Amino acid sequence: MKKIAILGATGTIGANTLDVVRFSEGQLGVCALAGGRNIALLAQQMEEFCPKLVAVLDTAQADALKKVVGRRFGGEILHGDAGYAEVAGFHEADLVVSAMVGAAGLKPTIAAINAGKDIAIANKETLVMAGRIVMTLAEKQGTRVLPIDSEHSAIFQCLNGEDIRNVSRIIITASGGPFFRQEITKEITPASAMQHPRWRMGKKISIDSATMMNKGLELIEARWLFGVSPDRLVAIIHPQSIVHSLVEFNDGSLLAQLAAPDMRLAIAYALHFPERKPLNFSRLDLVSVGALEFFPPDEEKFPCLAIARSVLHTDGILPAVMNAANEIAVEAFLAERIDFLQISSLIAATLSSFKDKENPSLEEIIQADALARAEAERILTERVLVASYPRVT
Ligand SMILES: NC(=O)c1ccc[n+]([C@@H]2O[C@H](COP(=O)([O-])OP(=O)(O)OC[C@H]3O[C@@H](n4cnc5c(N)ncnc54)[C@H](OP(=O)(O)O)[C@@H]3O)[C@@H](O)[C@H]2O)c1
């Protein structure tokens, strides 16, 4: 049995991962779980999967969890950075699923690699912030970083057995989100932005999909996961979300991976890798899908994609700055402190306060993240945010 530790067990990816474990007929097992604040769900997961170690956000959540599970739970309940690091490095784990949302995933993912664990990574923000450091560390530790993001899983599957030097382009598909065929106005509400046409996901990634920042984050994620130069990475719109991404080779051939839009397929591929196991989740009926469409992305309409594409070509602290500003902007939009159009303005304004710094250490990246959050908050509270901030080019 392959034993799995899950960071972000109570999230959408966490729940889908547990579904994959549930249907693996004993080939996969759970040894450690980390959640944040959703104590009720975590308690249910502990009841069903019997992990030996659990970690939550802070002491208050740990006390609440201990009250809920009482003596029924014979394992250990930890909290905070130290608790997450224990889950990430748990000695029984063969593989760690990195599925916390946002920058919170960075330190535990690094802890897992430092402990020599293979990683199945959904937490793209970790690779956006510190892709070079993470991939270099994984190489040094001899651990695998396996993609869970459906686009990256598709690329990974297309590259299996291929020589990366023969790749001319990696083409990442995007659904276009809820506003692909709609005008974007400042009247867009958080509820309408969360209505993704194809996927059911957590709040942050749903808003990232609506602004298309998600595709920008994915371009940066692909750069580090596959070690390709930024000029070989392309995003195209594919509203049906059936072709999950493509690889173009130097002979002009394109390989694509197609499947029903169901995250469990990508998760199962990573969890069982290098094997491919039979699954009964979702099958694709191409005849009922009918036409598959492809369009170029409109970066005037989706300025977050343009911002991320410019940051993709940098190699220092700017990706972490952009990521932090985006997290603050998404929270502010969800709390109705800013409108939808101001998300990109806030990110661009925050970025314009920073100069890049080459080859940053992990500490410098973490510091840039904290400074960028403070700067984005300053811009928000001082209300110096205007819609016409120049875009970084
Ligand atoms: N959902 C998808 O289909 C999908 C697809 C591809 C990639 N991803 C990526 O996967 C990651 C997770 O996405 P999701 O949609 O599963 O998010 P989600 O549903 O919002 O779940 C986030 C998870 O992170 C935990 N968490 C939140 N803040 C935390 C903190 N400060 N410290 C520790 N844990 C914290 C949450 O715990 P509580 O809920 O207990 O507070 C929850 O377990 C993201 O990076 C996303 O971009 C998601």
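Which residues is Ala9 in contact with, leaving aside its neighbours within four places in sequence? I looked this up before anything else. The model is predicted, so I kept its limits in view: local features need pLDDT of at least 70, side-chain atom pairs count only at pLDDT 80 or more, and totals for chains, interfaces and linings use all residues. Residues are numbered from 1 along each chain as its sequence is written.

**Entry: Ala9**

I found Ala9 in contact with Gly14, Leu18, Leu33, Ala34, Gly35, Leu42 and Gln45. Contact means that two C-beta atoms, placed from the backbone, lie within 7 Å. Ala9 sits in the loop between strand E1 (2-7) and H1. Helices (H or I, at least four residues) and strands (E, at least two) are DSSP runs, numbered from the N terminus. Ala9 counts as buried because it has 31 C-beta neighbours inside 10 Å. The cut-offs are 20 or more other C-beta atoms within 10 Å of a residue's own for buried, 12 or fewer for exposed, and partly exposed in between, with C-beta atoms placed from the backbone.

**Entry: strand E3**

Next I checked E3 (residues 53-56). Leu53 and Ala55 are buried on one side, Val54 and Val56 on the other. In a regular strand the side chains alternate between the two faces of the sheet. E2 (residues 28-34) runs parallel to E3, joined by three bridges. Strands pair if DSSP finds at least two bridges between them. Ala34, already listed as a contact of Ala9, stands opposite Ala55 in E3. From E2 the chain passes through helix H2 (residues 39-49) to E3, in a right-handed β-α-β crossover. Right-handed means a clockwise path from the first strand over the helix to the second, with the strands pointing away from the viewer. On to E4 (residues 76-79): four bridges join it to E3, again in parallel. Leu78 in E4 is opposite Ala55. E3, helix H3 (residues 59-69) and E4 form a right-handed β-α-β unit.

**Entry: domains**

I read off domain 1 (2-148), domain 2 (151-260 + 284-289) and domain 3 (314-381). These bounds come from an automatic or database domain assignment. The C-alpha centres of domains 1 and 2 lie 25 Å apart. Their contact takes 15 residues from domain 1 and 14 residues from domain 2. On the domain 1 side, H6 and strand E7 (145-147) each give two or more residues. H6 gives the most, with eight residues. By type, that side has eight nonpolar, four polar and three charged residues. Ala, Val, Leu, Ile, Met, Phe, Trp, Tyr, Cys and Pro count as nonpolar, Asp, Glu, Lys and Arg as charged, and the others, Gly among them, as polar.

**Entry: ligand shell**

How many residues surround the ligand? I got 28, the closest being Gly11, Gly36, Asn38, Met201 and Gly202. Helices H1 (12-22), H6 (124-141) and H9 (203-211) each give two or more residues to this shell. Domain 1 and domain 2 each supply at least three. The shell divides into twelve nonpolar, ten polar and six charged residues.

**Entry: helix H9**

Seven of the nine residues of H9 are buried, so the helix is largely enclosed by the rest of the structure. I noted them as Ile205, Ser206, Ile207, Asp208, Ser209, Ala210 and Thr211. Their cover includes helices H8 (190-193), H10 (213-226) and H13 (303-312). Met212 follows H9 with a positive phi, near 70 degrees.

Terms used:
A residue is near a molecule or strand if its C-beta atom, placed from the backbone, lies within 6 Å of it.
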